[in-house]
Amino acid sequence: MSRLRMTYEGLAQAIADDVNETIKCEVNLGDTIKTETVEQMIIDKASEETPDYLDHYDVADYARPLVEFDWCNA
């Protein structure tokens, strides 16, 4: 990864893009995905990828509105 410092917004967009891609792949394969699963994916991804100088809960909060929950099935 680059030596540039990530921002909340930049990291949140990257996480949302990754989660959205996973959601679309699951739905295109005919699987269903629940809202709770997506919420957990956001938290897990934020926890994994957030550097020490940012708060992963804040990153998850920034990412949540960028995720396509319309593709979820409940």
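Here is a short tour, stop by stop, with something to select at each one.

**Before you click**

This is a predicted model, so local features need pLDDT of at least 70 and side-chain atom pairs count only at pLDDT 80 or more, while totals for chains, interfaces and linings use all residues. Residues are numbered from 1 along each chain as its sequence is written, and side-chain values use heavy atoms, with hydrogens and water left out.

**Stop 1: two rings**

Select tyrosine 8 and tyrosine 62 and show their side chains. A search of the whole structure turns up 1 aromatic pair, and tyrosine 8 with tyrosine 62 is a stacked one, at 5.6 Å centre to centre with 15° between the planes. To pair, rings of Phe, Tyr and Trp (its six-membered ring) need centres within 6.5 Å; planes under 30 degrees apart count as stacked, over 60 as edge-to-face and the rest as tilted.

Helices here are DSSP runs (H or I, at least four residues), and strands are E runs of at least two, numbered from the N terminus.

The cut-offs: buried is under 20% relative accessible area, exposed is over 50%, and partly exposed is in between (1.4 Å probe, protein chains only).

**Stop 2: the helix crossing**

Now colour H1 and H3. Their axes come within 8 Å and cross at roughly 65°. Each axis is a line fitted to C-alpha atoms, for helices over the stretch in contact, and angles run from 0 to 180 degrees between N-to-C directions.

Which residues meet here? Select Tyr8, Glu9, Leu11, Ala12, Ile15 and Ala16 on the H1 side, then Asp58, Val59, Tyr62 and Ala63 on the H3 side. Contact means heavy atoms within 4.5 Å. Sorted by class, this contact has 8 nonpolar, no polar and 2 charged residues. For that sorting, Ala, Val, Leu, Ile, Met, Phe, Trp, Tyr, Cys and Pro are nonpolar, Asp, Glu, Lys and Arg are charged, and the others, Gly among them, are polar.

**Stop 3: isoleucine 15**

Stay in helix H1 and pick isoleucine 15. Is this residue buried or exposed? Isoleucine 15 is buried, because its relative accessible area is 1%. Leaving aside neighbours within four places in sequence, isoleucine 15 touches Ile42, Lys45, Ala46, Glu49, Val59 and Ala63.

**Stop 4: tryptophan 71**

Jump to tryptophan 71, in the segment after H3. Tryptophan 71 is partly exposed, at 30% relative accessibility. Setting aside neighbours within four places in sequence, its contacts are Ile23, Lys24, Val27, Asn28 and Ile33.

**Last stop: a charge over a ring**

Finally, select arginine 5 and tyrosine 53. The charged end of arginine 5 sits over the ring of tyrosine 53, 3.7 Å from its centre. That wording applies if NZ of Lys or CZ of Arg is within 6 Å of the ring centre and within 35 degrees of the ring normal.
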